[in-house]
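I went through helix packing and a few loop residues, one entry at a time.

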Amino acid sequence: MSRGEQDQISESQIASHWREEEFISPGAGFIAQANMADAKVLERFAIENYPEYFREYADLLTWDQYWHTTLDTSNPPFWKWFAGGKLNASYNCVDRHVAAHKNKAAFIWVAEPEDEQDRVITYQDLYVRVNEFAALLRDFCGVKAGDRVTLHMPMVPELPVAMLACARLGVVHSQVFGGFSGAACGDRIVDSGSRVLITMDAYYRNGDLLDHKVKADEAVAQAEKGGASVDKVLVWRRYPGRDSSPTPMIDGRDFYVDDLLKDYRGQRVEPVSMPAEAPLFLMYTSGTTARPKGCQHSTGGYLAYVAGTARYYQDIHPEDVYWCFADIGWITGHSYIVYGPLANAATGVLYEGVPTYPDPGRPWRIAERLDVNIFHTAPTTIRMLRKAGPDEPQKHNYRFKHMTTVGEPIEPEVWRWYYEVVGKRDAAIVDTWWQTETGGFIGTTLPALQPMKPGSCGPGALGIFPIILDEDGNEVEPGSGRAGNICISNPWPGFMQTVWGDPDRFVATYFEKYCKDPNSKDWRDWPYVTGDGAMQAADGYFRIVGRVDDVINVAGHRLGTKELESAALTVEAVGEAAAVPAYDELRGRVPEMYVSLKPGYEASSEVEDQVKSAIRQMIGPIARPAHVWVTTDLPKTRSGKIMRRVIASISNFMDVGDTTTLANPEVVDEVRIAVQSAKVKAGDVPKDLPESARAEIRQFGGDV
Ligand code: WT7
């Protein structure tokens with residue numbers, strides 16, 4: 001049987017299990033006030049008007065110099081949007097709002113301890129802080145346009161201040177998720193070539209004031225191992241003037257920001273006018289190799305795209321109170337806490353801690369108190385809140401007009417709870433499918449114009465034309481009931497520009513699979529390969545199945561199997577390692593590790609613990625595997641590739657499929673019996689594996 005035929009069989013099986021859901025339309029009240037309720041927009045954004053229709057997004061910004069070419073395709077696939085244009089992102093997010101919105105809150109920061117006062121940062125405050133911090137960066141750190149600076153910060157207002165100060169100078173910021181380990185931060189410092197690290201001494205998480213400064217020391221040490229030296233570590237203090245971390249400061253290297261800022265009080269920094277295609281930031285993400293990729297996002301194209309999508313898809317108006325419950329350390333926070341909302345003069349809520357602290361009523365108390373009317377979160381949080389406090393939302397007097405879900409497929413049942421209980425059957429929902437690479441939403445309904453369908457993200461976003469291709473590059477027709485590789489057929493302004501420092505990897509990862517002519521200058525020859533599997537219903541709506549590559553999506557966070565495996569391989573006894581996704585009711589997926597030992601080593605619980613702690617140390621607690629299985633051998637192809645699909649099926653109690661072509665088929669049963677009996681004993685058997693999880697596991701690792 002050919003690879004193509006096998007695909008077809010398994011995919012049609014998927015389809016037969018999947019029930020089509022009903023359409024649900026938003027209420028008239030929502031439509032009446034929506035930023036975009038004019039159906040003509042769909043005509044304007046028809047492919048015949050490509051690429052000029054994206055002017056509509058760029059025109060939401062203030063340009064120092066208008067562009068001459070909307071899309072320059074002279075060097076595929078390195079597209080240039082709004083070429084010739086110049087602008088500054090910090091000016092667009094801050095300065096230009098000061099005249100009309102000086103005293104309006106840009107951010108309302110809510111600390112995790114409930115007895116701590118909120119901090120309200122008006123547009124005027126933001127303007128002053130961004131300027132003073134930009135002056136410090138320029139004069140004390142000596143950074144200038146084009147330099148990179150790494151940030152490793154928690155959810156505090158100082159994080160957007162630092163990002164916008166970088167943007168003001170044309171400095172490229174690279175924020176590493178605060179929950180990542182110091183070592184992970186250090187690797188990203190090396191890759192980006194940063195000489196300055198901005199961090200914070202401590203922050204609250206689940207009731208504990210965590211020492212975060214210690215991670216800066218680990219990061220600098222790791223960076224040194226990689227041959228990079230960090231000159232300055234700027235440490236914001238959770239409580240200015242008071243130490244919250246026991247980790248000592250290193251003389252001449254570490255500086256408290258609140259001390260330094262005294263010298264910059266009242267300073268103003270002229271925003272540096274940057275070319276539209278100048279990089280604004282790097283965001284590292286996981287892929288198929290161990291080394292994370294620095295997705296480079298542009299100033300003009302990116303900002304235009306997030307400004308437009310925040311306005312039309314999230315329906316943010318200046319008078320709304322918008323709360324995106326994501327971490328700024330991920331792309332969601334960059335695009336839809338900082339840049340998109342601020343470009344629209346929004347008021348955003350920033351929350352420091354975990355959703356269920358001190359109890360699952362917390363988010364709804366915040367929503368009621370601050371009168372939040374737009375709410376944005378991820379399926380994992382929705383599942384958690386539903387499990388811990390299914391009736392809590394009803395007890396609170398808030399009213400959402402709009403809600404977003406993002407990060408992983410949402411089960412229709414969970415969607416319904418979100419709609420009925422959290423949204424009180426009143427809020428419009430957008431299920432926005434996108435990625436670190438894409439900068440902004442690429443698959444979603446336009447809320448006032450296109451009805452919702454539980455479990456489906458919807459059609460392509462305005463101006464985005466997704467297409468599903470099979471392994472041979474043929475289009476999988478809508479309504480065929482078959483899944484395939486979902487690609488985007490046309491470039492758009494929010495898309496990343498390149499992988500930082502590695503343009504070949506950019507081309508190989510995202511375009512090689514389906515580009516038939518690498519010399520072609522026609523964008524039609526360069527479909528973007530998202531790495532997701534998807535199906536399209538006859539009505540045009542897409543249902544995302546999950547990753548087809550070596551990525552595990554844990555609670556909306558992407559982990560590369562190779563990253564997990566390299567961490568496991570640092571353990572002396574481990575000879576081989578494979579990471580696979582196991583279904584988890586709350587987090588969607590959790591990694592399970594399979595390791596085989598070098599000759600002369602015995603399986604022991606010590607080895608398991610060593611693997612767990614290596615992963616925690618090198619990546620961070622979110623990557624912690626649910627189980628480490630020590631086996632004598634792992635199922636492999638004749639060419640020696642570990643069959644992740646087979647072991648993933650074992651972990652999830654699914655049929656392992658055809659194993660006759662393996663080099664060592666006898667190992668499969670051995671591993672299956674050992675792993676499944678241990679899981680049965682531990683009571684860790686998935687009940688009702690959702691169809692989306694089954695479909696993802698069947699295709700996991702691309703080894704069909
Ligand atoms: C991967 C990207 C984009 C913000 C957060 C994650 C999955 C994302 C959805 C959705 C189904 C989704 C995809 C994608 N994903 N949104 N609405 N429905 N799956 O960014 O870490 O780059 O992860 O998350 O698999 O490829 P990311």
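Entry 1, a buried helix. I began with helix α13, residues 362-370, where I found Arg-362, Pro-363, Trp-364, Ile-366, Ala-367 and Leu-370 to be buried. I kept in mind that this is a predicted model. I then looked up what the buried residues of α13 pack against, and the list runs through β4 (105-110), β16, β17 (347-351), β18 (374-377), α14 (379-388) and α15 (412-422). Just after α13, I noted that Asp-371 takes a positive phi of about 55°.

I asked myself at what angle helix α5 (residues 89-101) and helix α12 (residues 331-343) pack. On the side of α5 the contact is made by Ala-89, Asn-92, Cys-93, Arg-96 and His-97, while α12 brings Tyr-339, Leu-342 and Ala-343. I sorted the residues of this contact of α5 with α12 by class and got five nonpolar, two polar and one charged. For the handedness I wrote down that α5 passes α12 in a left-handed crossing.

I turned to helix α11 (residues 300-312), whose axis comes within 8 Å of that of α12, the two crossing at roughly 85°. That makes α11 roughly perpendicular to α12. In α11, the residues Tyr-302, Leu-303, Val-306, Ala-307, Thr-309 and Ala-310 meet His-334, Ser-335, Tyr-336, Tyr-339, Gly-340, Pro-341 and Ala-343 of α12. The contact of α11 with α12 has nine nonpolar and four polar residues, and no charged ones. I noted that Tyr-339 and Ala-343 of α12 are listed in the contact with α5 and are listed again in the contact with α11.

I looked up Asp-327, which is found in the loop between β16 (321-324) and α12. Is Asp-327 buried or exposed? Its relative accessibility is 16%, and Asp-327 therefore counts as buried, the cut-off being under 20%. The side chain of Asp-327 reaches the backbone nitrogen of Gly-329 at 2.7 Å. With neighbours within four places in sequence left aside, I found Asp-327 in contact with Met-155, Phe-177 and Gly-333. I also checked Asp-327 against Val-156: the two are 171 residues apart in sequence, and their C-alpha atoms are 10.0 Å apart in space.

Asn-490 lies in the loop between β22 (483-488) and β23 (498-499), and I recorded Asn-490 as buried, with a relative accessible area of 2%. Which backbone nitrogen does the side chain of Asn-490 reach? I found that it is the one of Phe-465, at 3.0 Å. Leaving aside neighbours within four places in sequence, Asn-490 is in contact with Tyr-50, Tyr-53, Gly-463, Ile-464, Phe-465 and Trp-523.

Terms used
Residues numbered from 1 in each chain as written. Predicted model: local features only at pLDDT ≥ 70, side-chain atom pairs only at ≥ 80, totals over all residues. Heavy atoms only, no water. Axes fitted to C-alpha atoms, helices over the stretch in contact; angles between N-to-C directions. Helix = DSSP H or I, 4+ residues; strand = E, 2+ residues; numbered from the N terminus. Left-handed = near helix turned anticlockwise from the far one by under 90°. Contact = heavy atoms within 4.5 Å. Nonpolar A, V, L, I, M, F, W, Y, C, P; charged D, E, K, R; others polar. Buried < 20%, exposed > 50% of the residue type's maximum accessible area, 1.4 Å probe, protein only. Polar contact = N/O pair within 3.5 Å; in protein donor to acceptor, adjacent residues only side chain to side chain. Parallel < 35°, antiparallel > 145°, perpendicular 65-115°, else oblique.
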